[in-house]
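Trainee: I would like to learn how to read a structure like this one, feature by feature. Can we work through it together?

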Amino acid sequence: MKIEHFVSKVDHIGVLLLNQQKKILFQNKLAKQYTYYLGTILDSVISEDNSFCILDYPAEISTFNYNQYIVVCVNPRDDFVRLSKEKETLQELRQELNEVINSSFDGIVISDERGTIIHQNPSYEKITGLSSEELIGRSLKELEDEKVIDESSSLKALRDNKEITIIQKINTGASVLISAVPIRNKNGNIKKVVNNVRDLSELNMLETEIKNLKKKNQAIHEELELLKHQKSPEDSIIAHSEGMQEVLNRALRVAHIDSSVIVQGPSGVGKEKIVELIHKNSIRSEKPLIKVNCGAIPEALLESELFGYISGAFTGASQKGKAGLFEAANKGTILLDEIGEMNKDLQVKLLRVIQEREITRVGDTRPIPIDVRIIAATHRNLAEMVEIGTFRNDLYYRLNVIPIHIPPLKNRKKDIIPLVYHFLKDIKAKYAIERKFSEDVLQSFRNYDWPGNVRELQNLVERVAVMSTEPEVEMKDVQKELQININPTKPTISLEEVKSLKEQIENHEAAIIEDMVGKYPSIRKAATALSVDQSTLVRKMKKYGIEKH
Ligand SMILES: Nc1ncnc2c1ncn2[C@@H]1O[C@H](COP(=O)(O)OP(=O)(O)OP(=O)(O)O)[C@@H](O)[C@H]1O
């Protein structure tokens with residue numbers, strides 16, 4: 001019987017007959033089944049240890065020489081069926097995994113342990129513009145050298161032997177956030193690196209969107225704060241104009257930051273009110289807010305008022321000594337109102353307090369630590385005072401960390417009528433008097449410039465409402481009370497009467513001052529009624545030659 005015939009009869013193992021050049025001459029059915037992709041030369045089948053099998057199935061291989069043939073016996077292992085099933089399952093799993101990777105929204109690119117790209121998903125191409133044809137099988141080192149990418153995350157992860165995240169620039173213009181995660185074998189050696197790739201331009205867009213949302217959130221929060229604040233009648237602040245809303249937003253923002261603030265704006269504009277708001281919304285709100293009017297306390301006394309003194313510090317000083325206003329404000333806030341009136345010696349001392357966070361009582365040498373937030377207020381232009389040298393530069397910059405400027409009432413007309421209603425409500429609560437203003441009166445208020453700002457408006461509303469006997473206040477009642485020419489319409493002047501504007505204003509001013517000084521028992525009271533400083537009124541009386549009788 002020919003050997004081929006004999007071999008074809010063998011049906012429990014695969015048998016192949018090769019010539020000495022290892023070319024297949026004959027194989028039985030089973031061998032064909034196992035070796036479905038056999039070439040003609042089978043070097044690997046008969047490698048020295050017989051352990052390597054070119055077949056797809058696990059099998060034991062034995063070879064021997066018979067006459068001129070090399071006989072190769074392929075004996076499938078017992079667990080052949082189980083293993084082949086597992087292999088099938090593995091193939092399915094691999095396919096599923098590929099599907100998952102390929103459907104990921106994030107770009108995924110996988111390299112082997114030598115830094116060669118072995119897989120990439122469609123999102124990677126979408127994000128970077130690099131196709132799989134260009135990349136699969138390419139060495140990342142080469143891609144770095146060719147400047148296709150500026151730095152390879154896989155190579156870095158292989159070098160550093162750990163997970164890393166970098167921003168990678170690609171020559172297509174894309175910029176990506178890429179995280180490389182090493183996959184290790186059971187010995188802990190890296191066998192693959194999986195890179196997760198995110199489009200930075202998309203992340204930037206999301207970041208901008210988040211920032212915008214945060215801004216909106218902040219605005220809503222501030223508005224809520226505002227509404228919360230306006231609910232309590234005793235401290236509500238009217239802010240219908242853009243200017244005043246900006247002031248309020250700024251004040252609420254700085255309230256939470258423990259830095260120095262300067263509130264500037266003309267007299268009667270609401271500076272003190274804003275300071276109260278800041279204090280109330282700060283972490284110091286449970287502690288005192290001490291208000292000091294630096295312009296109202298005589299210069300010689302201001303230092304001891306602020307810093308206190310020890311016994312016998314000066315003639316007339318109390319025997320026991322006295323704590324100053326800074327000590328009284330400890331842990332709280334101190335408002336230094338009319339800071340522009342403070343003399344330069346005291347400015348130096350105040351600067352030291354801010355820098356050292358301690359005060360020294362007059363007559364003493366021992367410093368006392370203090371924790372006080374300083375808020376300054378002034379109607380003066382401090383920057384100008386610094387320029388002409390009447391206010392210290394260094395103190396100005398220390399105080400002026402956050403400036404808040406309140407515009408005069410004439411520049412925020414939208415606030416006038418709401419303020420009128422607000423004050424009428426106050427009057428009703430305080431005196432149980434309910435008044436309305438005629439449309440004429442309201443219009444005249446809108447037209448007037450309010451040099452004394454909100455305080456002037458408040459005084460006027462209160463006086464007119466209290467003095468009027470009718471529920472609706474008419475224009476004549478306002479004029480009777482004030483003798484101020486505030487007209488519902490703009491004043492018309494005949495051509496013969498035309499004088500320079502300055503002259504006309506001065507004439508009016510002189511008439512008003514004369515009238516008020518005559519009406520009130522003291523200059524101080526007249527000044528209060530006119531909402532000006534007493535010193536201003538005295539100066540103007542001198543200018544117009546008016547005397548108090
Ligand atoms: N926006 C406002 N809403 C309600 N009341 C206000 C507002 N602004 C000011 N007022 C009231 O006007 C009066 C004057 O305000 P405030 O004393 O705060 O002004 P000021 O700028 O500190 O004045 P000065 O420069 O003379 O110290 C106060 O009675 C205050 O309650």
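This is a predicted model: local features need pLDDT of at least 70, side-chain atom pairs count only at pLDDT 80 or more; totals for chains, interfaces and linings use all residues.

Trainee: Where else is phi positive in a residue other than glycine?

Mentor: Arg357 is one case, with phi near 55°. Arg357 sits in the loop that runs between α13 (344-356) and β15 (358-360). Ser531 is another, with phi near 60°, and its loop lies between α21 and α22.

Trainee: Are Arg357 and Ser531 buried or exposed?

Mentor: Count the C-beta atoms around each residue. Arg357 has 12 other C-beta atoms within 10 Å, so Arg357 is exposed. Ser531 has 20 C-beta neighbours inside 10 Å and therefore counts as buried.

Trainee: How does Cys73 come out by that count?

Mentor: Cys73 has 18 C-beta neighbours inside 10 Å, so Cys73 is classed as partly exposed. The residue belongs to strand β4 (residues 69-76). Apart from neighbours within four places in sequence, Cys73 contacts Ile13, Val15 and Ser62. Its C-alpha atom is also 8.0 Å from that of Glu60, a residue 13 places away along the chain.

Trainee: What are the figures for the chain overall?

Mentor: There are 22 helices and 20 strands. Of the 549 residues, 27% count as buried. If you take contacts between residues at least 6 apart in sequence, 58% of them join residues at least 24 apart.

Trainee: Now the sheets. How do strands pair in general?

Mentor: Strands of a sheet pair through backbone hydrogen bonds, and the pairing is either parallel or antiparallel.

Trainee: What joins β7 to its partner?

Mentor: Six bridges link β7 with strand β8 (residues 175-184), and the two run antiparallel. Within that pair, Gln168 is opposite Val176 in β8.

Trainee: How enclosed is strand β14?

Mentor: Five of the five residues in β14 (residues 333-337) are buried, so the strand is largely enclosed by the rest of the structure.

Trainee: Which strands pair with β14, and in what sense?

Mentor: Strand β11 (residues 289-293) pairs with β14 in the parallel sense over five bridges. In that pairing, Leu289 is opposite Thr333. Strand β17 (residues 373-378) also pairs with β14 in the parallel sense over five bridges, and there Asp337 has Ala377 as its bridge partner.

Trainee: How should I describe two packed helices?

Mentor: Give the angle between their axes and the distance between the axes. For α16 (residues 416-431) and α18 (residues 453-467), the axes come within 10 Å and cross at roughly 50°. The two helices are therefore oblique to each other, and the crossing is right-handed.

Trainee: Which residues make the contact between α16 and α18?

Mentor: From α16 they include Leu419, Phe423 and Ile427, and from α18 they include Leu457, Val461 and Glu462. The contact residues divide into twelve nonpolar, one polar and one charged.

Trainee: At what angle do α21 and α22 cross?

Mentor: The axes of α21 (residues 523-530) and α22 (residues 534-544) cross at roughly 105° and come within 9 Å. That angle is why α21 is described as roughly perpendicular to α22. Ile523, Arg524, Ala526, Ala527 and Leu530 of α21 meet Gln534, Leu537 and Val538 of α22. By type, this contact has six nonpolar residues, one polar and one charged.

Methods. Residues are numbered from 1 along each chain as its sequence is written. Axes are lines fitted to C-alpha atoms, for helices over the stretch in contact, and angles run from 0 to 180 degrees between N-to-C directions. Helices (H or I, at least four residues) and strands (E, at least two) are DSSP runs, numbered from the N terminus. Angles under 35 degrees count as roughly parallel, over 145 as roughly antiparallel, 65 to 115 as roughly perpendicular and the rest as oblique. A crossing is left-handed if the near helix is turned anticlockwise from the far one by less than a right angle, and right-handed if clockwise. Two residues are in contact if their C-beta atoms, placed from the backbone, lie within 7 Å. Ala, Val, Leu, Ile, Met, Phe, Trp, Tyr, Cys and Pro count as nonpolar, Asp, Glu, Lys and Arg as charged, and the others, Gly among them, as polar. Two strands pair if DSSP finds at least two bridges between them.
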